[in-house]
Amino acid sequence: MTANPALSAGPSPLLALRSVRKVYGEGAGAVEAVTGVDLDLMAGEFTLLMGPSGSGKTTLLMMMGCLLKPTSGTVSVAGVEVQGLPESALPAIRLRYLGYIFQGFNLFPALTASENVEVALNLKGVRGDAARAAAARHLSRIGLESRLAHRPEDLSGGEKQRVAIARALAAEPPVILADEPTASLDGATGHRVTELLRQLAREEARTVFVVTHDPRILDLADRILHMEDGRIVKDERK
């Protein structure tokens, strides 16, 4: 995999949040899921976000990934402030800058593992033999070289998670966001996948942000954030 020439390891964050809030509902029944979060994520940084269930982690991640609009505050991706953009402009932002690893996999059931990864490459203009070769390379990096032609129904939960990871990495985005990427993996595989994500951050000047409950991967992080009741309550740097 080659580094993206558009990335810079300079002082500007690849992803920045300012006073980001998310409120669900209105009036007396309103619930504030995320409360005034400020956050800068830099190129080359591998960050973990931890916290109890219901603390707002996934809601925050979805706003960072331009999948959910904040109630107030701003989200900037590679210097582009997305808050004021029309909904029609957001797919292009996600395609160019963001790789999102879903906890629920979100694979196409009728497509093979290789074809699921090829979809992401097709959206970037890579097609045919070039897409198939790239998909095979990404899947091989996470130990699925023998499962290229298998559909999701024939894969284990851990294998499906690894296909989802390969798909997110295939387009070589500058920002990688992951929701519990090791939840369905055994300890050794989870560590291997996390080491790959850290390697991408450090060697290719990406920022990688992972929501996790997994204590087995804490030793790999450059930075560990702790979230409670919609707020970042602790920011630990190694």
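In which loop is the place of Phe-105? In this predicted model, Phe-105 belongs to the loop between β6 (98–101) and α3. Its phi is positive, at about 75 degrees, although the residue is not a glycine. Phe-105 counts as buried because its relative accessibility is 15%, and the threshold for burial is under 20% relative accessible area. A positive phi is also found at Glu-172, a residue other than glycine, where the value is near 55 degrees. Glu-172 is placed in the loop between α5 and β7. With a relative accessible area of 18%, Glu-172 is likewise buried.

Helix α3 spans residues 113–123 and contains Asn-116. The relative accessibility of Asn-116 is 0%, so this residue counts as buried. A polar atom of the Asn-116 side chain lies 2.7 Å from the backbone nitrogen of Phe-108. When neighbours within four places in sequence are left aside, the contacts of Asn-116 comprise Leu-107, Phe-108, Leu-111, Pro-152, Val-163 and Arg-167.

The packing of α3 against α4 was examined next. The axes of these two helices come within 9 Å and cross at roughly 120 degrees, and the crossing of α3 past α4 is right-handed. On the α3 side, the contact is made by Ala-113, Ser-114, Val-117, Glu-118, Leu-121 and Asn-122, which meet Ala-131, Arg-132, Ala-134, Ala-135 and Leu-139 of α4. By class, the residues of this contact comprise 7 nonpolar, 2 polar and 2 charged.

In soluble globular proteins, nonpolar side chains tend to be buried together. The largest nonpolar core of the model holds 37 residues, of which Phe-46, Val-117, Val-163 and Leu-197 touch the most other members. Two or more residues are given to this core by each of β3 (46–50), α3, α4 (128–141), α5 (157–170), β7 (175–179), α6 (187–204) and β8 (207–211). The largest share, 7 residues, is contributed by α5. For Leu-197, the residues touched, not counting those up to four places away in sequence, are Phe-46, Ile-101, Leu-169, Ile-176, Val-208 and Val-210.

Terms used
Residues numbered from 1 in each chain as written. Predicted model: local features only at pLDDT ≥ 70, side-chain atom pairs only at ≥ 80, totals over all residues. Heavy atoms only, no water. Helix = DSSP H or I, 4+ residues; strand = E, 2+ residues; numbered from the N terminus. Buried < 20%, exposed > 50% of the residue type's maximum accessible area, 1.4 Å probe, protein only. Polar contact = N/O pair within 3.5 Å; in protein donor to acceptor, adjacent residues only side chain to side chain. Contact = heavy atoms within 4.5 Å. Core = buried A, V, L, I, M, F, W, Y, C linked by side-chain atoms within 4.5 Å. Axes fitted to C-alpha atoms, helices over the stretch in contact; angles between N-to-C directions. Left-handed = near helix turned anticlockwise from the far one by under 90°. Nonpolar A, V, L, I, M, F, W, Y, C, P; charged D, E, K, R; others polar.
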